[in-house]
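Please consult the sequence and structure shown below while reading.

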Amino acid sequence: MNIKATLLAGTAALTLAATADARELTLGMQDNEASNVYAGAQEFAARLEELSGGELTVNMFPSSTLGDFKAMVAQVQAGELDMVITGYPDMSYIIPELNLIGAPYVATDFENLQAIIAGDWGQEMAAKFEEQGVHLIDVWYYGTRQTTSNRPIESIDDMAGLRLRTPNVPFLIAYAEAVGATPAPVAFAEVYLALQTNQVDAEENPLPTIEAQKFYEVQSHVALTNHFVASATVQVSDDLWQGLSEEERGWIQEAVEAGGEVNDNATVQAEKDLIATFEERGLTITRPDLAPFRAAMQPYYDTLEAEFGEGSIARLTGE
């Protein structure tokens, strides 16, 4: 039995040993204990235990303990893991339409993203989550993705030939290609080492993630490319969700939203503070003109509209 199976099996055994009135939910995430997502998850766990009077508790598995996000989603689908926190459009590997909201520069900020998710298109996507065996509870702000490197990025021309680490998701690979970089998908847990050993030249992530993962130790420049408004979805096994009482669902929903408030507030504040913090640590912050970056994405938008229908991007942007 591998370590992931052993951890989950041990948790299951502990749950069965608990009283009949108590249930421990398992929650996996890629983020580490220094992240705002983890702080939000801690608030969720504390609030859920309080609201339920101890009937529902949470056992968290941070730092990709159970594998990458695809592995954890598969565990939720199989009923081996109760909950997972992972990126909203990262789920495009099983819900292709999410590539539309993942397309760089489509969402302008988190408020705009929330409005899209709350609207008709977002409700259609929520139904597709359930078709995949997961229920979407809430969406948290993960930060706006920026580009770090070991050379200055003053304009889109400076992206040419840059070996840019991206997650293995189509829209971020498309960003790298469109702006002239060479995409290099690397597992999240391996990014620091890949930067340290010059396997890749650069990476792109929200500022709080760059801080939490200490990427600033192995990068010298941060370019404010603002290319993607990132979000973290809190998902639960749909089978589990359907088996809960209305009261239990209410507890979980309220607790998750409380965790989201902690995460969102911390992330917004961190983004305000981290530019100065990084400058104090000796990093150079650049602010390239973003109009050429946005224009470079048009061929990718055309590809998406060929797949999902003319006007698909305009439906989200309102243009």
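**Pockets and a buried charge**

Four elements, α3 (69-77), β3 (83-87), β4 (134-149) and β8 (221-237), each supply at least two residues of the lining of the largest pocket; helices (H or I, at least four residues) and strands (E, at least two) are DSSP runs, numbered from the N terminus. The model is predicted: local features need pLDDT of at least 70 and side-chain atom pairs pLDDT 80 or more, while totals for chains, interfaces and linings use all residues. Residues are numbered from 1 along each chain as its sequence is written, and side-chain values use heavy atoms, without hydrogens and water.

**Largest pocket**
- β8 gives the largest share of this lining, 4 residues.
- The lining comprises 13 nonpolar, 6 polar and 6 charged residues (nonpolar: Ala, Val, Leu, Ile, Met, Phe, Trp, Tyr, Cys and Pro; charged: Asp, Glu, Lys and Arg; polar: the others, Gly among them).

**Residue E271**
- E271 belongs to helix α11 (residues 246-280).
- E271 is buried but has no salt bridge, and the nearest side chain of opposite charge, K272, is 9.1 Å away.
- Buried means under 20% relative accessible area (1.4 Å probe, protein chains only).
- A salt bridge is a side-chain nitrogen of Lys or Arg within 4 Å of a carboxyl oxygen of Asp or Glu.
- Lys and Arg count as positive and Asp and Glu as negative, with His and the chain ends not counted.
- Apart from neighbours within four places in sequence, E271 is in contact (heavy atoms within 4.5 Å) with Y141, G143, T144, L207 and P208.

Methods
Buried means under 20% relative accessible area, exposed over 50%, partly exposed in between (1.4 Å probe, protein chains only).
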